[in-house]
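Let's sit down with a new protein model and learn to read it feature by feature.

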Amino acid sequence: MHDDHEAPRNEDGEVRSGRVETREERADRKWAELLQEVRVTQTGVQILFAFLLTVAFTPHFQSLGQVDRSIYVVTVLLGAAATGALIAPVSLHRIVTGRRLKPETVDWASRFTVAGLVLLLCTVASALLLILRVVVADATALWLAAAALIWFVLCWFVPAAWLFHRSRRES
C-alpha cells in the first residue's frame with residue numbers, strides 16, 4: 001500500500017529525488033531549456049561569422065602575410081563549423097518532428113550544442129589571435145589569445161565538469 005506522504009520511488013524501490021516526470025515530459029523540458037541556450041549561442045556565432053566573412057573584403061586584408069591569412073582561413077572554417085553545429089539542433093528537430101523521437105532528438109541536439117560551443121571557443125581564440133597579431137607583437141598576441149582561451153575554458157567548461165564530477169561522487 002502506498003502512503004500519500006511517502007517519497008516517490010523508482011522501479012527499484014529507491015527514493016527518487018528531484019522531479020517526477022515521464023521520459024517524454026523530461027524530453028520536452030530539456031528541449032525547451034536547450035532551445036534557450038542555443039538561441040544565445042546561435043546569435044553570437046552568427047554575428048562573429050558574418051564579421052569574419054567581411055574581413056577578406058577590407059583593404060587591410062591584402063597587406064596580411066601568409067601566416068595571418070592562414071589563421072584567417074582556419075578561423076573562418078572554425079566559424080562555419082560552429083555555425084553548422086549550433087544550427088543542427090533546429091534542422092534535426094524539424095526533420096524528425098512527429099516521429100516520437102523527442103528524447104533521442106534532445107540527446108543529439110545536446111551533443112551538437114556542446115560541439116558547437118567547443119568550435120565557438122576555438123573560433124573566438126583564433127579570431128583573437130589574428131586580431132592581436134595585427135595590434136601587438138606576435139609572441140604577445142599568442143600569449144593573450146592563449147590566456148583568453150584558458151579564461152573561456154574556465155568559464156564555459158570547468159564549472160560544469162566540477163558539478164558533474166561532484167554529483168557522480170554523491171550518487
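## Reading the model, step by step

A: Let's start with one residue. Leaving aside neighbours within four places in sequence, Thr-113 is in contact with Leu-34, Val-38, Ala-85, Leu-86 and Pro-89. Bear in mind as we go that this is a predicted model.

Q: Where does Thr-113 sit, and is Thr-113 buried or exposed?

A: Thr-113 belongs to helix H3. To decide on burial, look at the relative accessible area: buried means under 20%. Thr-113 has 6%, so this residue is buried.

Q: Okay, let me zoom out. How many helices and strands are there in the protein?

A: You'll find 5 helices and 0 strands. Read from the N terminus on, the order of elements is α-α-α-α-α.

Q: What does the radius of gyration tell me about the protein?

A: Set the value beside what a compact globule would give. For 171 residues, such a globule would be near 16 Å, but the protein has 22 Å. The box tells you about the outline too: along the principal axes, the C-alpha atoms fill roughly 80 × 40 × 20 Å.

Q: What share of the residues is buried?

A: Of the 171 residues, 29% are buried.

Q: Which residues have the most contacts inside the largest nonpolar core?

A: For a core, you look for buried nonpolar residues whose side chains join up. The largest one here has 20 residues, and Tyr-72 and Leu-120 have the most contacts inside it. Helices H1 (23-55), H2 (66-96), H3 (102-135) and H4 (138-156) each supply at least two residues of this core. H3 gives the largest share, with 6 residues. There is also a second, separate core of 6 residues, with Ala-27, Leu-34, Val-106 and Ala-109 among them.

Q: What does Leu-120 touch, beyond residues up to four places away in sequence?

A: Leu-120 touches Val-45, Leu-48, Ala-82 and Trp-156. Val-45 turns up again with Thr-83, a residue of helix H2: not counting residues up to four places away, Thr-83 touches Val-45 and Phe-49. Thr-83 counts as buried because its relative accessibility is 12%.

Q: How do I read contacts between residues that are apart in sequence?

A: Check how many positions separate the partners. Among contacts in the protein with a separation of 6 or more, 69% are between residues 24 or more positions apart. Arg-29 is in helix H1, and with a relative accessible area of 22% it is partly exposed. Leaving out residues up to four places away, Arg-29 touches Arg-19 and Glu-21.

Q: What about the backbone angles; what is phi of Arg-100 near?

A: First the general idea: most residues other than glycine have a negative phi. Arg-100 has a positive value, near 60 degrees. Look for Arg-100 in the loop between H2 and H3. With 80% relative accessibility, Arg-100 counts as exposed.

Notes. Residues are numbered from 1 along each chain as its sequence is written. This is a predicted model: local features need pLDDT of at least 70, side-chain atom pairs count only at pLDDT 80 or more; totals for chains, interfaces and linings use all residues. Side-chain values use heavy atoms; hydrogens and water are left out. Helices (H or I, at least four residues) and strands (E, at least two) are DSSP runs, numbered from the N terminus. The radius of gyration is taken over C-alpha atoms; the globule rule is 2.2 Å times the number of residues to the power 0.38. Buried means under 20% relative accessible area, exposed over 50%, partly exposed in between (1.4 Å probe, protein chains only). Contact means heavy atoms within 4.5 Å. A nonpolar core is a set of buried Ala, Val, Leu, Ile, Met, Phe, Trp, Tyr and Cys residues joined through side-chain atoms within 4.5 Å.
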